[in-house]
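Welcome! Let's look at a structure together and work through some questions, one step at a time.

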Amino acid sequence: MDPSNLQELAAGNTWTAIWPELSLGCLALLLLVLETLLPRFIHGKIQTFSIAGQVFILAALLLDLHTPYHESFNGLLVQSSAGQAMRVFFLLSSIMVSLLARASLWKHRVSKVEFHHIVLVVSAAMMLLVQSRNFVMLFVSLETVTVGLYILVSYYRSSARTLEAGLKYLVMGSLSSGLLLFGIVLLYGVAGSASLPGRSSDAMQYDELARFLAANPHNFLAAAGIALVLSGVAFKIGAFPFQIWIPDVYQGAPTPVTALLAVASKAAGFVVLLGLVGEAFAPYAWLVVPILTFMAAATILFGNLAALKQHNVKRLIGLSGVSHAGFILLAVVSVPRVPMAVGAVYFYLFAYLIASFAVFGVMTVLAGHDDSEQEIGDYSGLSRESPFLAGVLACGLGSLAGIPPFVGFMGKLFVFVAAFKAGHYGLLLVAIAGVVISIYYYFGWIRAAYFNDEPLASPEIARRARDGAGRLLAIALAALAASSIVFGLYQGPLGAWVSLR
Amino acid sequence: MEQIAFASIAAFTLACALGVVLAKNTVNGAMCLLLCLAGVAGLFIQLHAYLLAFLLVLVYAGAVVALFLFIIMLLGAHGGQPWRFRAFQAFAGVVAAALLITGLDMISLRGKTDAGPPVAGAGVGSSLKLYADQLFTTYLLPVEVMGFLLLVAMLGVIVLSRRPTEGEATE
């Protein structure tokens, strides 16, 4: 290879295209530098600095929101308006996780700055993950996310439950990465086979792979590879039958990490799935749609039925998260027939972000030293001790349950409209049954917070409820509660963006 | 000739892999893993993927297994609990093995493609120069991301394993 050719290839690496990810990475490194340079007594301020830095990046990103569709890094990444939306999504979620961590870490004797560093790196890797259009890039950024999460899940290492959760997540995460990798290798191998038509030498690239698959619409090896890749992704989003790890890991992980897993990691999985279903595996819709249809129905039913019996709120929110994954799968299944379903997925993810972080915020404030023991009974009488926290909780839970006027209702509505247009009537019935079941357990929680005359279960929880959230977190929670109502009533340009796609 | 070489190396690799699972002594298990990796490297050489074979020996056999051995020695090589027969475990194992064999069978029978004419030029896995060219041009971004991955992994080891300092005494 001569030097001019190399230069041409290197010129494809347009680093300016990923400035948000770069600045997040630099911010993460800066945190570590500050920790070594600054004296110990101002280390608490580094957490605030990290949040301020993220807000600054978010503001810069919002100013630079309009991006035409273009490829960068020799086709490894694709920038698009959906990618920009997901960048905003992951920044919002990482800001919220940092705020929750700030409210939770001081209750435990663990290193604080490293937590924020890992959250930033994981968020940047998620941004790259949702933009990647190449399996190498996809796998590398996915592994960065997963390795960061392995550490974060077992962060409160003095608790046996946390260590158990960490071990389970490690084993399940490695297994799912293995499945994904095996699937990718099968696809790459069969696409490079010389005897098949449409042979491609670079099948790691989504469009090349799609071209090969279109030329061989019924190849057995390719179908096996696709099934394996889908299984790997299903682990990440916690879809049936790969949801087995969810309750234990969600319960054992520190609450801010549970939020990160439930919101950001799941959203990243879904955007990857959208890219695969809509682009790379589009010629194999005959295989992908039945698999995902079964998964969606089973996930909705399993999540809701299993959540009915839970008393621990972290397990409850985990299993209800499984059912939400099922609702989003419902939209993903409709993607090959109804283009609007893509927008429905994105809207649902944003609605889920707003509602989940409102609930997780209240959980973090009320959690005591043992992070994994949070029962529904602990919430009884919350509205008298702290009307603000109870209000935020009600907005979040109402939105998760999908009742008007909250944003979760609109999210479900878009998904159901997409599924109706695509003609998935049976699945729609299952989903509606799921919604009805879910209202029961969400209301059990709201009832404990509002309509229970008993005093709060323990005086400590009552004290924490009266102390309330710190000022920054309280502002963020109020903003989440307000936006869950505002976006439920008026979607404005966002709604137009969703339905026009 | 090639067939015989393949069969013998494959049998050797499989036997060593079984040894990893069945060895009573963990040190023996780790040594079996070493031999198993050497066998896989031999299979790579048969496929003319010299670079992959070299990397496998260097990274896995050299570094990873050495690390395993260190940790086994540090923790003390107790044989662990003796293996006991449990009906449910045996049943689950048989079912899983049957599924795996069926799957592999399906893939090898139904997924068979004619080898076709050999591809002109060597693959990326065979030459260090080709590999490096790709790594530092097309795949530069993943390489940089790997840097962050390793940093996070290193931090994680420190955070999760270090003794509590004065800022974070034990509970």
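Here are some questions and answers about this predicted model.

Q: What pattern does chain B follow when read along the sequence?
A: Start by counting the elements: chain B has six helices and zero strands. The pattern is α-α-α-α-α-α.

Q: How are helix 2 and helix 3 of chain B oriented, roughly parallel or roughly antiparallel?
A: Two packed helices are described by the angle between their axes and the distance between the axes. Here the axes of helix 2 (residues 26–46) and helix 3 (residues 50–75) of chain B come within 9 Å and cross at roughly 175°. Angles over 145 degrees count as roughly antiparallel, so helix 2 of chain B is, relative to helix 3 of chain B, roughly antiparallel.

Q: How many nonpolar residues are there in the contact of helix 2 of chain B with helix 3 of chain B?
A: Have a look at who takes part: helix 2 of chain B contributes residues including Leu33(B), Leu37(B) and Phe44(B), while helix 3 of chain B contributes residues including Leu56(B), Tyr60(B) and Phe68(B). In this contact no residue is charged and one is polar, and the number of nonpolar residues is 21.

Q: Which helix of chain B gives the largest share of the side that touches chain A?
A: First, the whole contact: 29 residues of chain B are in contact with 39 residues of chain A. On the chain B side, the elements that give two or more residues are helix 4 (87–110) and helix 6 (140–161). The largest share, 13 residues, comes from helix 6 of chain B.

Q: How many charged residues does the side of chain B that touches chain A have?
A: Sort that side by class. It has 18 nonpolar and six polar residues. The count of charged residues is five.

Key:
Residues are numbered from 1 along each chain as its sequence is written. Chains are lettered from A and ligands numbered from 1 in the order in which they are written. This is a predicted model: local features need pLDDT of at least 70, side-chain atom pairs count only at pLDDT 80 or more; totals for chains, interfaces and linings use all residues. Two residues are in contact if their C-beta atoms, placed from the backbone, lie within 7 Å. Helices (H or I, at least four residues) and strands (E, at least two) are DSSP runs, numbered from the N terminus. Ala, Val, Leu, Ile, Met, Phe, Trp, Tyr, Cys and Pro count as nonpolar, Asp, Glu, Lys and Arg as charged, and the others, Gly among them, as polar. Axes are lines fitted to C-alpha atoms, for helices over the stretch in contact, and angles run from 0 to 180 degrees between N-to-C directions. Angles under 35 degrees count as roughly parallel, over 145 as roughly antiparallel, 65 to 115 as roughly perpendicular and the rest as oblique.
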